[in-house]
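Please consult the sequence and the structure shown below while reading.

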Amino acid sequence: MKISIITAVYNAAATVGQAVASVDAQTGVDVEHIIVDGLSQDDTLAVIAGAGQGGRIVISEADRGIYDAINKGIARATGDVIGVVHADDYLADDHVLSDIAAIFADPAVEAVYGDLDYVQKTDTRRIVRHWQAGAYRPARLRRGWMPPHPTLFLRAAVFDRIGGYDPALRIAADYDLILRYFSTTTAHPVYLPRVLVKMRVGGESNRSLDRILLKMREDRLALRRNGIGGWGTIAVKNLSKLRQFLPFLWGQGRAS
(Lines give C-alpha, C1' and ligand atoms only; values in the text may rest on other atoms or scores of the structure.)
Protein backbone atom coordinates (compact mmCIF):
# COMPACT_ATOMS: atom_id res chain seq x y z
CA MET A 1 0.00 0.00 0.00
CA LYS A 2 1.19 3.48 -0.87
CA ILE A 3 0.18 6.62 1.03
CA SER A 4 0.38 9.94 -0.79
CA ILE A 5 1.02 12.99 1.38
CA ILE A 6 0.14 16.42 -0.02
CA THR A 7 1.84 19.54 1.34
CA ALA A 8 0.67 22.91 0.02
CA VAL A 9 3.13 25.65 0.84
CA TYR A 10 3.68 29.36 0.30
CA ASN A 11 6.41 31.36 2.04
CA ALA A 12 6.88 28.87 4.88
CA ALA A 13 10.66 28.54 4.99
CA ALA A 14 10.63 28.67 8.80
CA THR A 15 8.39 25.61 9.22
CA VAL A 16 8.24 23.50 6.07
CA GLY A 17 11.50 21.74 6.93
CA GLN A 18 9.92 20.15 10.00
CA ALA A 19 6.88 19.08 8.00
CA VAL A 20 9.08 17.45 5.35
CA ALA A 21 11.31 15.80 7.96
CA SER A 22 8.29 14.28 9.70
CA VAL A 23 7.19 12.65 6.45
CA ASP A 24 10.71 11.45 5.66
CA ALA A 25 10.96 9.86 9.12
CA GLN A 26 8.00 7.52 8.61
CA THR A 27 8.88 3.85 8.84
CA GLY A 28 7.33 0.65 7.52
CA VAL A 29 5.22 2.21 4.78
CA ASP A 30 5.52 3.27 1.14
CA VAL A 31 5.16 7.08 1.10
CA GLU A 32 4.80 9.45 -1.84
CA HIS A 33 5.29 13.09 -0.83
CA ILE A 34 3.94 15.74 -3.19
CA ILE A 35 4.75 19.36 -2.36
CA VAL A 36 2.82 22.07 -4.18
CA ASP A 37 4.42 25.50 -3.84
CA GLY A 38 2.63 28.69 -4.84
CA LEU A 39 5.75 30.49 -6.13
CA SER A 40 7.15 31.30 -2.69
CA GLN A 41 9.22 34.46 -2.41
CA ASP A 42 11.30 33.31 0.56
CA ASP A 43 13.67 30.33 0.97
CA THR A 44 10.92 27.70 1.00
CA LEU A 45 12.14 25.87 -2.10
CA ALA A 46 15.74 25.94 -0.88
CA VAL A 47 14.68 24.40 2.44
CA ILE A 48 12.77 21.66 0.62
CA ALA A 49 15.70 21.00 -1.73
CA GLY A 50 18.07 20.73 1.22
CA ALA A 51 15.90 18.31 3.18
CA GLY A 52 17.37 14.91 3.97
CA GLN A 53 15.70 12.41 1.66
CA GLY A 54 15.08 12.87 -2.03
CA GLY A 55 12.33 11.45 -4.17
CA ARG A 56 9.75 14.10 -3.43
CA ILE A 57 7.59 15.52 -6.19
CA VAL A 58 7.78 19.33 -6.07
CA ILE A 59 5.44 21.50 -8.12
CA SER A 60 6.00 25.28 -8.04
CA GLU A 61 3.51 27.41 -9.90
CA ALA A 62 0.81 30.01 -9.32
CA ASP A 63 -2.41 28.77 -7.74
CA ARG A 64 -5.73 30.05 -6.41
CA GLY A 65 -4.93 29.35 -2.79
CA ILE A 66 -4.24 26.41 -0.49
CA TYR A 67 -7.20 24.27 -1.55
CA ASP A 68 -6.42 24.69 -5.24
CA ALA A 69 -2.86 23.62 -4.43
CA ILE A 70 -4.08 20.54 -2.52
CA ASN A 71 -6.31 19.61 -5.47
CA LYS A 72 -3.25 19.76 -7.75
CA GLY A 73 -1.45 17.38 -5.40
CA ILE A 74 -4.40 14.99 -5.32
CA ALA A 75 -4.55 14.98 -9.13
CA ARG A 76 -0.86 14.03 -9.22
CA ALA A 77 -1.04 11.42 -6.45
CA THR A 78 -0.58 7.72 -7.22
CA GLY A 79 -1.14 6.38 -3.70
CA ASP A 80 -3.97 4.18 -2.51
CA VAL A 81 -4.57 6.58 0.40
CA ILE A 82 -4.22 10.36 0.51
CA GLY A 83 -3.51 12.65 3.46
CA VAL A 84 -2.50 16.28 3.92
CA VAL A 85 0.42 17.59 5.98
CA HIS A 86 0.32 21.38 5.98
CA ALA A 87 3.58 23.33 5.90
CA ASP A 88 3.03 24.51 9.52
CA ASP A 89 2.19 21.01 10.78
CA TYR A 90 4.10 17.77 11.25
CA LEU A 91 3.36 14.13 11.89
CA ALA A 92 3.47 13.37 15.60
CA ASP A 93 5.92 10.45 15.46
CA ASP A 94 7.66 8.04 13.08
CA HIS A 95 4.89 5.41 13.15
CA VAL A 96 1.84 7.51 12.23
CA LEU A 97 1.62 6.36 8.63
CA SER A 98 2.40 2.71 9.35
CA ASP A 99 -0.38 2.65 11.95
CA ILE A 100 -2.76 4.20 9.43
CA ALA A 101 -1.70 1.77 6.70
CA ALA A 102 -2.39 -1.17 9.01
CA ILE A 103 -6.01 -0.06 9.37
CA PHE A 104 -6.39 0.48 5.62
CA ALA A 105 -5.27 -3.11 5.10
CA ASP A 106 -8.97 -3.85 5.55
CA PRO A 107 -10.41 -3.06 2.08
CA ALA A 108 -13.72 -2.02 3.65
CA VAL A 109 -12.08 0.99 5.33
CA GLU A 110 -12.38 4.26 3.42
CA ALA A 111 -11.36 6.79 6.07
CA VAL A 112 -9.08 6.94 9.10
CA TYR A 113 -8.65 9.90 11.45
CA GLY A 114 -7.26 10.60 14.91
CA ASP A 115 -6.41 13.27 17.44
CA LEU A 116 -4.40 16.47 17.09
CA ASP A 117 -2.29 18.65 19.38
CA TYR A 118 -2.01 22.39 18.87
CA VAL A 119 1.46 23.54 19.88
CA GLN A 120 3.10 26.88 20.46
CA LYS A 121 4.44 28.48 17.31
CA THR A 122 7.85 29.26 18.79
CA ASP A 123 8.17 26.18 21.01
CA THR A 124 6.51 23.13 19.52
CA ARG A 125 7.22 21.13 22.68
CA ARG A 126 4.45 23.09 24.42
CA ILE A 127 0.90 21.85 23.86
CA VAL A 128 -1.77 24.54 24.17
CA ARG A 129 -4.85 22.67 22.95
CA HIS A 130 -5.73 19.00 22.52
CA TRP A 131 -8.37 17.97 19.97
CA GLN A 132 -9.70 14.53 20.82
CA ALA A 133 -11.90 13.62 17.89
CA GLY A 134 -13.78 10.64 19.26
CA ALA A 135 -15.73 8.04 17.33
CA TYR A 136 -17.95 9.15 14.45
CA ARG A 137 -21.72 8.89 14.63
CA PRO A 138 -23.93 10.48 11.96
CA ALA A 139 -25.93 12.50 14.52
CA ARG A 140 -22.75 14.25 15.66
CA LEU A 141 -22.49 16.18 12.37
CA ARG A 142 -25.49 18.33 13.34
CA ARG A 143 -23.79 19.05 16.66
CA GLY A 144 -20.80 20.54 14.88
CA TRP A 145 -18.55 17.48 15.04
CA MET A 146 -15.72 17.09 12.61
CA PRO A 147 -12.41 15.23 12.75
CA PRO A 148 -9.24 17.35 12.73
CA HIS A 149 -8.69 17.79 9.02
CA PRO A 150 -4.90 17.20 9.10
CA THR A 151 -5.51 13.79 10.70
CA LEU A 152 -8.01 12.63 8.07
CA PHE A 153 -6.76 10.07 5.55
CA LEU A 154 -9.03 8.96 2.71
CA ARG A 155 -8.75 6.33 0.02
CA ALA A 156 -7.96 7.90 -3.34
CA ALA A 157 -11.20 6.42 -4.68
CA VAL A 158 -13.16 8.67 -2.29
CA PHE A 159 -11.97 11.77 -4.15
CA ASP A 160 -13.00 10.16 -7.44
CA ARG A 161 -16.47 9.73 -5.96
CA ILE A 162 -17.08 12.99 -4.10
CA GLY A 163 -14.65 15.37 -5.79
CA GLY A 164 -11.94 17.52 -4.27
CA TYR A 165 -11.78 20.75 -2.30
CA ASP A 166 -13.74 23.79 -3.47
CA PRO A 167 -11.15 26.59 -3.94
CA ALA A 168 -13.96 29.18 -3.92
CA LEU A 169 -14.09 28.61 -0.15
CA ARG A 170 -11.02 30.39 1.17
CA ILE A 171 -11.02 28.88 4.68
CA ALA A 172 -13.73 26.23 5.06
CA ALA A 173 -13.20 23.98 2.02
CA ASP A 174 -11.87 21.30 4.36
CA TYR A 175 -15.08 21.41 6.43
CA ASP A 176 -17.13 21.29 3.23
CA LEU A 177 -15.28 18.19 2.02
CA ILE A 178 -15.60 16.53 5.44
CA LEU A 179 -19.35 17.13 5.48
CA ARG A 180 -19.65 15.91 1.90
CA TYR A 181 -17.91 12.67 2.74
CA PHE A 182 -19.27 11.87 6.19
CA SER A 183 -22.87 12.74 5.29
CA THR A 184 -22.92 10.44 2.25
CA THR A 185 -20.65 7.50 3.04
CA THR A 186 -22.06 4.09 3.74
CA ALA A 187 -18.68 2.89 5.00
CA HIS A 188 -17.62 3.11 8.64
CA PRO A 189 -14.83 5.65 9.23
CA VAL A 190 -12.21 4.40 11.69
CA TYR A 191 -11.08 6.52 14.63
CA LEU A 192 -7.48 5.92 15.69
CA PRO A 193 -7.42 7.16 19.32
CA ARG A 194 -4.02 8.80 19.46
CA VAL A 195 -2.32 12.02 18.38
CA LEU A 196 -1.40 11.84 14.71
CA VAL A 197 -0.47 15.45 13.95
CA LYS A 198 0.99 18.47 15.72
CA MET A 199 -0.27 21.84 14.49
CA ARG A 200 1.17 25.25 15.30
CA VAL A 201 -1.33 27.78 16.64
CA GLY A 202 -2.08 30.88 14.61
CA GLY A 203 -3.50 29.26 11.48
CA GLU A 204 -5.30 30.90 8.59
CA SER A 205 -8.81 30.58 10.02
CA ASN A 206 -8.19 32.32 13.38
CA ARG A 207 -5.50 34.92 12.78
CA SER A 208 -7.91 37.89 12.89
CA LEU A 209 -11.55 38.75 13.62
CA ASP A 210 -12.23 39.17 9.90
CA ARG A 211 -10.94 35.67 9.22
CA ILE A 212 -13.00 34.20 12.07
CA LEU A 213 -16.16 35.82 10.70
CA LEU A 214 -15.34 34.65 7.18
CA LYS A 215 -14.84 31.13 8.54
CA MET A 216 -18.26 31.21 10.19
CA ARG A 217 -19.94 32.38 6.97
CA GLU A 218 -18.19 29.70 4.94
CA ASP A 219 -19.03 27.06 7.54
CA ARG A 220 -22.68 28.08 7.21
CA LEU A 221 -22.47 27.74 3.42
CA ALA A 222 -20.87 24.29 3.75
CA LEU A 223 -23.63 23.17 6.09
CA ARG A 224 -26.36 24.41 3.74
CA ARG A 225 -24.75 22.75 0.74
CA ASN A 226 -24.64 19.43 2.48
CA GLY A 227 -28.03 19.67 4.18
CA ILE A 228 -26.63 19.27 7.68
CA GLY A 229 -27.62 22.23 9.86
CA GLY A 230 -27.34 25.99 10.33
CA TRP A 231 -26.20 28.65 12.77
CA GLY A 232 -27.05 26.44 15.72
CA THR A 233 -24.63 23.82 14.45
CA ILE A 234 -21.94 26.49 14.07
CA ALA A 235 -22.55 27.77 17.61
CA VAL A 236 -22.21 24.29 19.12
CA LYS A 237 -19.19 23.61 16.89
CA ASN A 238 -17.37 26.68 18.20
CA LEU A 239 -18.39 26.21 21.84
CA SER A 240 -17.23 22.60 21.78
CA LYS A 241 -13.69 23.82 21.15
CA LEU A 242 -13.50 25.44 24.58
CA ARG A 243 -12.98 22.16 26.41
CA GLN A 244 -9.94 21.51 24.23
CA PHE A 245 -8.25 24.48 25.91
CA LEU A 246 -9.33 23.84 29.51
CA PRO A 247 -6.33 21.77 30.67
CA PHE A 248 -4.00 24.54 29.49
CA LEU A 249 -5.75 27.78 30.50
CA TRP A 250 -3.81 28.41 33.70
CA GLY A 251 -0.36 27.64 32.39
CA GLN A 252 1.83 28.15 29.40
CA GLY A 253 1.06 24.80 27.84
CA ARG A 254 2.12 21.28 28.65
CA ALA A 255 5.39 19.81 27.48
CA SER A 256 4.97 17.04 24.93
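In this predicted model, Arg225 is partly exposed, with a relative accessible area of 43%. The side chain of Arg225 forms a salt bridge with that of Asp166, with an N to O distance of 2.7 Å. Arg225 belongs to helix α7 (residues 209–226), whereas Asp166 is found in the loop between α5 (156–162) and α6 (173–182), so the pair ties together parts that are 59 residues apart in sequence. Through salt bridges that share partners, Asp166, Asp176, Arg180 and Arg225 are joined into one network.

The structure holds 13 salt bridges. The table lists some of them.

| Salt bridge | N to O distance |
|---|---|
| Arg225 and Asp166 | 2.7 Å |
| Glu61 and Lys72 | 2.8 Å |
| Asp123 and Arg125 | 3.0 Å |

Which parts of the chain does the salt bridge between Glu61 and Lys72 tie together? Glu61 and Lys72 approach to 2.8 Å at their closest N and O atoms. Because Glu61 lies in the loop between β3 (57–60) and α3 (66–76) and Lys72 in helix α3, the pair links parts that are 11 residues apart in sequence. Glu61 is partly exposed, at a relative accessible area of 35%, and Lys72 is likewise partly exposed, at 22%.

Arg125, by contrast, counts as exposed, with 57% relative accessibility.

Conventions: Residues are numbered from 1 along each chain as its sequence is written. This is a predicted model: local features need pLDDT of at least 70, side-chain atom pairs count only at pLDDT 80 or more; totals for chains, interfaces and linings use all residues. Side-chain values use heavy atoms; hydrogens and water are left out. A salt bridge is a side-chain nitrogen of Lys or Arg within 4 Å of a carboxyl oxygen of Asp or Glu. Helices (H or I, at least four residues) and strands (E, at least two) are DSSP runs, numbered from the N terminus. Buried means under 20% relative accessible area, exposed over 50%, partly exposed in between (1.4 Å probe, protein chains only).
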